[in-house]
There are 2 protein chains.
Amino acid sequence: MRLPILFSPVTGNNLSEKVAAQIESAILSGTILPGNRLSSERDLQTQFEVGRGAVREALKTLKQKGIIEIRKGVKGGVYVKKLEIDNASESLSLLLKQNKVPITDLVEFRDAVDETEVILAAIRGDRDEKRQLVEMAMQLSELNTLPTGPDIEKIKAIDREMNLLLAKMTKNFVFVWMKNTIQLSIGSYDSLLYESPKYRSRTIDNWINTAKEIAAGEPLRALSLMFLSLCSPPELPEGQAS
Amino acid sequence: MRLPILFSPVTGNNLSEKVAAQIESAILSGTILPGNRLSSERDLQTQFEVGRGAVREALKTLKQKGIIEIRKGVKGGVYVKKLEIDNASESLSLLLKQNKVPITDLVEFRDAVDETEVILAAIRGDRDEKRQLVEMAMQLSELNTLPTGPDIEKIKAIDREMNLLLAKMTKNFVFVWMKNTIQLSIGSYDSLLYESPKYRSRTIDNWINTAKEIAAGEPLRALSLMFLSLCSPPELPEGQAS
DNA sequence: ATCCGATTAATGGTACGAACATTTGATTGA
DNA sequence: TCAATCAAATGTTCGTACCATTAATCGGAT
């Protein structure tokens, strides 16, 4: 055991929750860093002075929260995980499913956040980022007007990249994470959207205009373009998160 | 046992995950509705033909996901829960905490989403909701100019309510979720913000103007007011999400 | 000396049984 | 009639044993 004793014995009721709370606290406070090995279940059992079942149940909770990882075998045990966006996305996804939120609501929200990103990206984006955005927009245009028909897969990929770049240009991580979450939640419905030529053309036109305006440093004009699309929303394929 | 047998025995590895998957599937598919009682642990044990530990660990996972509830005693057991927004918000909140996002980034994002909410609320909000918003804004103003000094706690509470109401007025559940998540993440830092008279006055003024403009059906003017605050962001207390 | 396969030890996953705690409903007695 | 008590169902915890997986170690063949 390399690490000093971190945890104190617990007594009373809801032992597994108390155990989970102590471990979570140690992780969130930064006492243990991502990638570090915590202990084996049997070690924790003795540190907390509880049965192994209680430890395992606490670990299950933390694993579901996404803050630990459990490995089998020698050198196995509890490892602190770097939190990933996927966990947050999964929770949202579940919520949307049970509440039967239409995909149009998700798209509307994403577009709304986009508007602000455009402003911030124009103000804070590097020159390189702006240039890259324009290049990608041009690429999109080309892919949509191929003589062999539009390359939907590549268009989707670039659209995704542009979205992430735009978020990154805000220099605000919250935008990046939010965009990630929304993209993951939209996920499988993406294809549905992109199959619609109308949606595709509109999206690409928006990107081209937006990229140009951002590059030209005219955020307010770029914004007004997106306002129009908000006030008269496009017809989207109907669908519910199943 | 009232319900018919729903589940099939599982074998092999990762039994608890298989059990969790079957139960989750039954819930998400609507086979079992929120509020329904599923079974006792001992029942599930026999239905799945696994040990008690496996069942309990599966349930811990589902409980953390927020889709079931566990009650003790007679009439206890597994109950299907109506998903609550807080579960989905918690994950993202954890992520933001671990990554030490500056609170200024959170506030910026919240303000950005607010802008769009104002537009949508003006378009879609009921008359009652608009009236309520104005009333609350007036209340805020009064609370801030009390002869005995501003009542910070009440101001915070009303601000919170207004934020949720504004999100609700968009008639888009995603905005509601987002606002909830942000409020949860900002959480304890709220107090810090509200202690600053400058921030407080600015927030209240914004609310008053916004509420009035929304009620008067002039979304674009309401929006322009908030743009000003975005372009020259207010000085906020420095702080990091710990 | 080097490399590959078998052995071994640490560790998570599962099972079973027992005892305790909590909740609800039924029973009992004043 | 009402309150105290008891009993049954059920979650919570513990302990032990055994299996499966993994990584390190050891040993022999080249």
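User: What rotation superposes chain A on chain B?
Analyst: A rotation of 179 degrees, with 0.7 Å of shift along its axis, and the RMSD is 1.0 Å. The same surface serves both copies, as 94% of the contact residues of chain A recur in chain B.

User: Where do these coordinates and numbers come from?
Analyst: This is a predicted model, in which local features need pLDDT of at least 70 and side-chain atom pairs count only at pLDDT 80 or more, while totals for chains, interfaces and linings use all residues. Residues are numbered from 1 along each chain as its sequence is written, and chains are lettered from A and ligands numbered from 1 in the order in which they are written.

User: How many residues are in contact between chain A and chain B?
Analyst: 36 residues of chain A are in contact with 35 residues of chain B. Contact here means C-beta atoms, placed from the backbone, within 7 Å.

User: Which elements of chain A supply that side?
Analyst: α3, α4 (85-98), α5 (103-124) and α8 (173-186) each supply at least two residues. α4(A) gives the largest share, nine residues. Helices (H or I, at least four residues) and strands (E, at least two) are DSSP runs, numbered from the N terminus.

User: And by class?
Analyst: The side of chain A that touches chain B has 17 nonpolar, 11 polar and eight charged residues. Nonpolar covers Ala, Val, Leu, Ile, Met, Phe, Trp, Tyr, Cys and Pro; charged covers Asp, Glu, Lys and Arg; the others, Gly among them, are polar.

User: What about DNA strand D?
Analyst: Of the 25 residues around DNA strand D, Leu15(A), Val50(A), Gly51(A), Gly73(A) and Gly77(B) come nearest. Here α3(A) has the largest share, four residues. By class, the surface near DNA strand D has seven nonpolar, 11 polar and seven charged residues.

User: How many helices and strands are in chain A?
Analyst: 11 helices and two strands. Of the 242 residues in chain A, 35% are buried. Buried means 20 or more other C-beta atoms within 10 Å of the residue's own; exposed means 12 or fewer, and partly exposed is in between.

User: Why does Glu213(A) count as buried?
Analyst: Because Glu213(A) has 20 C-beta neighbours inside 10 Å. Glu213(A) sits in helix α10 (residues 197-216) of chain A.

User: How many residues does the largest nonpolar core have?
Analyst: 104 residues, and those with the most contacts inside include Val19(A), Phe109(A), Val19(B) and Trp177(B). A nonpolar core is a set of buried Ala, Val, Leu, Ile, Met, Phe, Trp, Tyr and Cys residues joined through C-beta atoms within 7 Å.

User: What does Val19(B) touch?
Analyst: Leaving out residues up to four places away in sequence, Val19(B) touches Val10(B), Phe48(B), Val50(B), Ala54(B), Val55(B) and Ala58(B).

Terms used: A residue is near a molecule or strand if its C-beta atom, placed from the backbone, lies within 6 Å of it. Two residues are in contact if their C-beta atoms, placed from the backbone, lie within 7 Å. Copies are superposed by least squares on the C-alpha atoms of residues with pLDDT of at least 70 in both.
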